Amino acid sequence: MQKLRLLLQPKVRWVICWLIFLVWAGFVAVGAWRAFNEPDRADGNRGHATIDFGGQWLMGRTIVERQGRHLYDRNTLRSIAQQFYPAGVESRSENKTDVESLMGWLAGTDDPKAPEAIASLLAPFAAITPLDASVTLVSAQTTWTEERLSHVYTPRIGGALYPPIHAFYYAPLAFLQPRVAYRVMQFFILALVFFVGWIAQCITQGRVWWPVASLFVLMFPGFAGGITLGQNGLLILMLVLVGWWQLMCGREGLAGLCWGLLAFKPVWAAAFFLVPILTTRWRMAACMAISGIVQILVTFPIVGLDGWWNWLQVGQEAVQEYKRQENWIVLSRDLLGIPRRWLLTFEDGLAKEVVWTSGNPSASQIGATDKPWDHTSLAALSWGLWTTVLVGTLCVTWPCRQRRKELTGAFPSFVLSAAVLTCFHFMYYDFVVAALPVLLLFTEPRRYLRFRVRTLVVPLLLLLMLVLPFLGYLYDSSYRFPPWDTIVLLILWTWCGYRLLNPNRAEDLRSESTQLAELGPDVRSAHKCLAD
């Protein structure tokens, strides 16, 4: 009994929580460090050459090389990639160089006649004597026509899917070599876990301990993929958490400025802009818009207006690729991609036909086009699911508008979950941003110690959200399992909406009074002002 009492002491439990977190963090870090190990590669690891990290690093390096106006010119991107991704380091199983792999994943295509034209320019360098060089140059004049040379210098629009703002975010990292920058990014993501955990502790006013909150982020779906690929999902989570923390402190303007930084990934900026609109926080919405606009204007002297037009062109192409690329559809976690993963058949990584038209010529004529991924019925199902969530959110928030200033509990969790679910397109490693709406349901953990059906729903859904994607990955490491994380979040959104329309008033009052009693005087005063 004495040992049990010792273990139950807060300080002892706090130390145990830190030990558990550090052990799990070490396990995840080692796994991410070794994920792309290939012993027969000259450099031993190809993590820096994946499109996820390499594409972002290449954008940043383009700014460092003072080629900002060619940010979406494949010719420029290729020349920069060839400088920092040397050929000959690939493993025997790879039939492409790192540069060819990167350029193959970037949007756009190269001119098929460009290699032949470039090869003709090298002929004079093969001459042995000055006379041979002179003869070669004279004879080449007949082949170096304006039309042929245009295949070399004409820009080919393409590149990464991120806007110019993102290139500025990555520019400091791009001063390093790709291999080193990839490892630095992994360390940065791991360090962000500690900071994000501390912010989560501040949001819950210490009711969720720092190590527990950090462990929660570490185990959340999408984090492992983000740190392995050097992706920016945790940076998005950090921005939305800091913004919400500032909102809880009564600083709407600063919260909006924080969320405005999401402009480096516009689909998330647009998704979270829904939150201040639905909660009528107009100052936050205005500051968020101003923050995004200022970032756009800052890029103009470097990338020019053409840079933004080129990005829009790349984005339009990417929208079509999202519809037909099997890899993108399987790895995505947005609502628009859910019907496509089950209702399209694929061949060589591309959509081939809709399942109900397979072997049925008459059915294939209904809503058919020369592009099966644009089938009318398929588009209706995808956008119908997305619209259902958006309309459902509006229908619930209007009758519950008196609760729009709440900062924890079912209402903000419902609205924030809707923001995540209505994001246009996002991949599995970005799902970690859904940690905020889930966290806001656990700002008062003690309430879940009451063993009632109503209070056990949220912990059960959290358990399923953490476990099902992990089990799916163990079963199929290619991520071709159902998007369990999105499905569970959709169920959580539905449950929050139901609770808002059918509240247990006595329980809600107890919850609110408990939260206000435990908040600090400054935050309590801010909460009162916001409620008024």
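**Reading side chains, helices and strands in a predicted model**

Colleague: How should I read the accessibility of E65: is this residue buried, exposed or partly exposed?

Modeller: E65 is partly exposed, since its relative accessible area is 26%. The general idea is a scale on which buried means under 20% relative accessible area, exposed means over 50%, and partly exposed lies in between, with a 1.4 Å probe and only protein chains counted. Before we go on, please note that this is a predicted model, in which local features need pLDDT of at least 70 and side-chain atom pairs count only at pLDDT 80 or more, while totals for chains, interfaces and linings use all residues. Residues are numbered from 1 along each chain as its sequence is written, and side-chain values use heavy atoms, with hydrogens and water left out.

Colleague: Which residue meets E65 in a salt bridge?

Modeller: A salt bridge is a side-chain nitrogen of Lys or Arg within 4 Å of a carboxyl oxygen of Asp or Glu, and by this rule the structure has 12 salt bridges. The partner of E65 is R61, with 2.8 Å from N to O; R61 is buried, at a relative accessible area of 12%.

Colleague: Which parts of the chain does the salt bridge of K323 and D374 tie together?

Modeller: In this salt bridge the closest N and O atoms of K323 and D374 are 3.1 Å apart. K323 belongs to helix α17 (residues 282-324), whereas D374 sits in the loop between α20 (361-364) and α21 (376-397), so the pair ties together parts that are 51 residues apart in sequence. The names of these elements follow a rule: helices (H or I, at least four residues) and strands (E, at least two) are DSSP runs, numbered from the N terminus. D374 itself is partly exposed, with a relative accessible area of 24%.

Colleague: How do strands β1 and β2 pair?

Modeller: Two strands pair if DSSP finds at least two bridges between them. Here strand β1 (residues 344-347) and strand β2 (residues 350-354) pair in the antiparallel sense over four bridges, and E347 has L350 in β2 as its bridge partner. Two residues lie between the strands of this hairpin, where D348 takes a positive phi near 55 degrees. E347 also forms a salt bridge with K352, at 3.2 Å from N to O; E347 is partly exposed at 44% relative accessibility, and K352 is partly exposed at 46%. Elsewhere, salt bridges that share partners join R41, D43 and D98 into one network.

Colleague: What describes a pair of aromatic rings?

Modeller: Such a pair is described by the distance of the centres and the angle of the planes. Rings of Phe, Tyr and Trp (its six-membered ring) pair if their centres lie within 6.5 Å, and planes under 30 degrees apart count as stacked, over 60 as edge-to-face and the rest as tilted. The structure holds 25 aromatic pairs. One of them is W18 with W210, an edge-to-face pair at 5.4 Å centre to centre and 70 degrees between the planes. W18 lies in helix α2 (residues 10-34) and W210 in helix α11 (residues 210-219), so the pair ties together parts that are 192 residues apart in sequence. W18 is buried, with a relative accessible area of 14%, while W210 is partly exposed, with 28%. Together with W14, F21 and F194, these two tryptophans form one aromatic cluster.
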